[in-house]
Amino acid sequence: LFGKGIYFADMVEKSASYCYYDPTDGYLCLALFEVCLGESYVCEEINPQAKEDSTNAGKHSVFVQGRKGPTPDFGPLSSLADGLAVPVGDLNTDDVTKRAGAGASAGTPVMMGHNEYV
């Protein structure tokens, strides 16, 4: 939907939807990564050229604004055994609308359900 790349999410409910659960063994595998995004190009609509657009704009990654995401401060943190701090805050329930300057659609709700990063 947003060009070639490795897609990441900031909400486990988004990532879990891509996992396969095999009831015969009772396991579901989900990997947790800490990702350096650099400066992100913001995308609010489906754009198969988003990764190319971000490169042309001198950005390092694409941030896809979704309707759901963590609260802006990422809420409280829980530390894993290796010291990685994982946000465990509430879901942001504020209405997310497209930014001014997004053409005729400015102020309308964003299309994607969750935040994504490419």
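Predicted model: local features only at pLDDT ≥ 70, side-chain atom pairs only at ≥ 80, totals over all residues.
Colleague: Is Val 12 buried or exposed?

Modeller: The cut-off for exposed is over 50% relative accessible area. Val 12 comes in at 54%, so it counts as exposed.

Colleague: On to the rings. How many aromatic pairs does the structure hold?

Modeller: There are 2. One of them is Phe 8 with Phe 33, 5.9 Å centre to centre. Planes over 60 degrees apart count as edge-to-face, and this pair has 75 degrees between the planes, hence that label.

Colleague: Which parts does that pair tie together?

Modeller: Phe 8 belongs to the segment before α1 and Phe 33 to the loop between α1 and β1, so the pair links parts 25 residues apart in sequence. As for cover, Phe 8 is partly exposed at 24% relative accessibility, while Phe 33, at 56%, is exposed.

Colleague: And His 114, where does it lie?

Modeller: In the loop between β4 (85-87) and β5 (116-117). Buried means under 20% relative accessible area, and His 114 has 14%, so it qualifies.

Colleague: What does the side chain of His 114 join up with in a polar contact?

Modeller: The side chain of Glu 13, at 2.7 Å. Beyond its neighbours within four places in sequence, His 114 also has contacts that include Met 11, Lys 14, Val 64 and Arg 67.

Methods: Residues numbered from 1 in each chain as written. Heavy atoms only, no water. Buried < 20%, exposed > 50% of the residue type's maximum accessible area, 1.4 Å probe, protein only. Phe/Tyr/Trp six-rings, centres within 6.5 Å; stacked < 30°, edge-to-face > 60°. Helix = DSSP H or I, 4+ residues; strand = E, 2+ residues; numbered from the N terminus. Polar contact = N/O pair within 3.5 Å; in protein donor to acceptor, adjacent residues only side chain to side chain. Contact = heavy atoms within 4.5 Å.
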